[in-house]
Number of protein chains: 2
Amino acid sequence: MIGTDSPVLAVLCGDQHPPDMDSIERSATVRYTRADGLAEALRGADVLFVYDFLSTAVPDAWPAADRLRWVHIASAGVDPVMFPELRASDVVLTNSRGVFDSSIAEYVLGVVLAFAKDFAGSLRLQQECRWRHRETERIGGRTALVVGTGPIGRAIARLLRAAGMRVAGVGRRARDDDPDFGTVYPSERLTEHLPGADYVVAVAPLTEQTKGMFDSAAFAAMRPSARFVNVGRGELVVTEDLVAALRAGELAGAALDVFDTEPLPQDSPLWTMPNVLVSPHMSGDFVGWRNALVAVFADNFQRWRGGQPLRNVVDKTLGYVPSGR
Amino acid sequence: MIGTDSPVLAVLCGDQHPPDMDSIERSATVRYTRADGLAEALRGADVLFVYDFLSTAVPDAWPAADRLRWVHIASAGVDPVMFPELRASDVVLTNSRGVFDSSIAEYVLGVVLAFAKDFAGSLRLQQECRWRHRETERIGGRTALVVGTGPIGRAIARLLRAAGMRVAGVGRRARDDDPDFGTVYPSERLTEHLPGADYVVAVAPLTEQTKGMFDSAAFAAMRPSARFVNVGRGELVVTEDLVAALRAGELAGAALDVFDTEPLPQDSPLWTMPNVLVSPHMSGDFVGWRNALVAVFADNFQRWRGGQPLRNVVDKTLGYVPSGR
């Protein structure tokens, strides 16, 4: 039984309610809502759990948030809730840091190997029942530049390095002694380090500073043999510049899991371009990911109820959870 | 200028001559030949370099080998030249151990990730311009059983382990302290260890003992969720048993780079089966592999000329180069 002092939790969901909510439901009044009911659900709510993490409904409903103290989002990227009113408020924002690290790292290693071994070519030839031997590439000794040094970028760096690649990072602060990256180049000098990379992996948070950082100048700086991998956010890329650069042969391929418009529109040229691998924003979504997301929130909810410090608190000036390093 | 005591080297090639033969041509009389000229080329030859390593021409031409002392094959597997007359002779046989280790290991890791992340499904959906989110598998913590503990199997074990998988081996000699595999189970107990594996990798040499080792009993022992990877020889597998087991759902998929008949016949059901990845015997063939193969032979040729011990001497009783371990 929930007492009169039990907190009110609004949960923004899409088609599916989050799983494993029983323990939370026992200690809070939980209001599940879709986007169109969010304003009503926020009125009097103490906590908002943004389970539908790609929803853009929060800014519109925000004026109804009359006693909100904490927003938790079921994703690593917090860009959908980084609107000015939330940033300026004293509402705490937390994310789901850690859930996607290893699965996205595996996905990135997988697409690197798919390019090197030409799996797309093998599948196309298989569909035609054609036996055609080709020579393939090794990944050992090849260089990956990982743009973004948060936990997911770190997991990517560790895994690519374990598989024999040379790795460097691009982040806010230059350093030569990073335990995962070795060398981290400063973001403002990205372009001068792109020519050294066989694979360029975009995994930076989407902020005003990173939006559109992969533009025509960046793609022109890449090797004609380079492949670009985006597992961060579609808006890190100027999509028309990427399409033009691929057409011009300024780089050799792209594996894209995120797009500036999702679902990727039917008429996007990316669907049919050779050497482009499209996947539907799923690189991190392993079997069990929804349970893992709720577990992160449930842990934080227990902390919040007990007056303990929350985990994964977003620095709303930076737009992400700052690393301890 | 080649003296009268210069050795005669027969080189069995297909469409292409081997590259980088200049230094060898300076110290030997080199007879390049296709299969139909092999008998003539072998008459009076001291050395045979089987550059066309899948050729089956050597047994037929063997009676013409009247002074042959050494056969080198440009592959890791020596099964095409393990016919009784060569085995019974005192002709030394060497192979190209080492050339393919890292490229085949990368290929195996690539197909493991392709299964886990459903790249084939993504490519099919991409061809239809369809955005359909799926949940994927992680490979971290999953178990791979590598059947074959030679250098290629060891490279596979090391790489899969580096990528976070649990690995065990199957080989001639059981042990618990192998530096690459940890545990190696004995070959005769393969079937009882198959149920523990998420991925089963066939990389054993083809011998009388290993031929057809993956048969209906083996596939029936696998998990319904298991994937089978063959980078060894097609004849390790009873193909019709594999096809039947896949149809019956006794295992979840197969990535096959080698086949009992190559090129894979047009009417093979493997081309069109869902969850089967076909590649044309190329998993080891990185850009530069032909040069690497000739370099291995050239090194051994120099040793032979200098009276030094040859590298990669095949134990003709075992059918492969025995490991130092």
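Modeller: What follows goes from the pair of chains to the helices and then to the backbone.

This is a predicted model, in which local features need pLDDT of at least 70, side-chain atom pairs count only at pLDDT 80 or more, and totals for chains, interfaces and linings use all residues; side-chain values use heavy atoms, with hydrogens and water left out. Residues are numbered from 1 along each chain as its sequence is written, while chains are lettered from A and ligands numbered from 1 in the order in which they are written.

The same surface serves both: 100% of the contact residues of chain A recur in chain B. Contact means heavy atoms within 4.5 Å.

Now the helices. They are DSSP runs (H or I, at least four residues), as are strands (E, at least two), numbered from the N terminus. Axes are lines fitted to C-alpha atoms, for helices over the stretch in contact, and angles run from 0 to 180 degrees between N-to-C directions.

The axes of α5(A) and α5(B) come within 9 Å and cross at roughly 125°. The two helices are therefore oblique to each other. Angles under 35 degrees count as roughly parallel, over 145 as roughly antiparallel, 65 to 115 as roughly perpendicular and the rest as oblique. α5(A) passes α5(B) in a left-handed crossing. A crossing is left-handed if the near helix is turned anticlockwise from the far one by less than a right angle, and right-handed if clockwise. Glu106(A), Leu109(A), Gly110(A) and Leu113(A) meet Glu106(B), Leu109(B), Gly110(B) and Leu113(B). Ala, Val, Leu, Ile, Met, Phe, Trp, Tyr, Cys and Pro count as nonpolar, Asp, Glu, Lys and Arg as charged, and the others, Gly among them, as polar.

Next comes α6. α6(A) packs on α6(B), residues 119-127, at about 70°, with axes 11 Å apart. α6(A) and α6(B) are therefore roughly perpendicular. Their crossing is right-handed. Ala120(A), Leu123(A), Arg124(A) and Gln127(A) face Ala120(B), Leu123(B), Arg124(B) and Gln127(B) in the contact. The classes are 4 nonpolar, 2 polar and 2 charged.

Within chain B, α5 (residues 101-116) also packs on α7 (residues 151-162), at about 50° with axes 8 Å apart. α5(B) and α7(B) are therefore oblique to each other. α5(B) passes α7(B) in a right-handed crossing. On the α5(B) side the contact residues include Ile104(B), Ala105(B) and Leu109(B); on the α7(B) side they include Ile152(B), Ile156(B) and Leu160(B). This contact has 10 nonpolar, no polar and 2 charged residues.

Last, the backbone. Most residues other than glycine have a negative phi, and most peptide bonds are trans. Asp118(A) is not a glycine, yet has a positive phi of about 55°. Asp118(A) is in the loop between α5 (101-116) and α6 (119-127) of chain A. The peptide bond from Glu262(A) to Pro263(A) is cis, with omega near -10°. Pro263(A) is in the loop between β12 (253-256) and β13 (276-278) of chain A.
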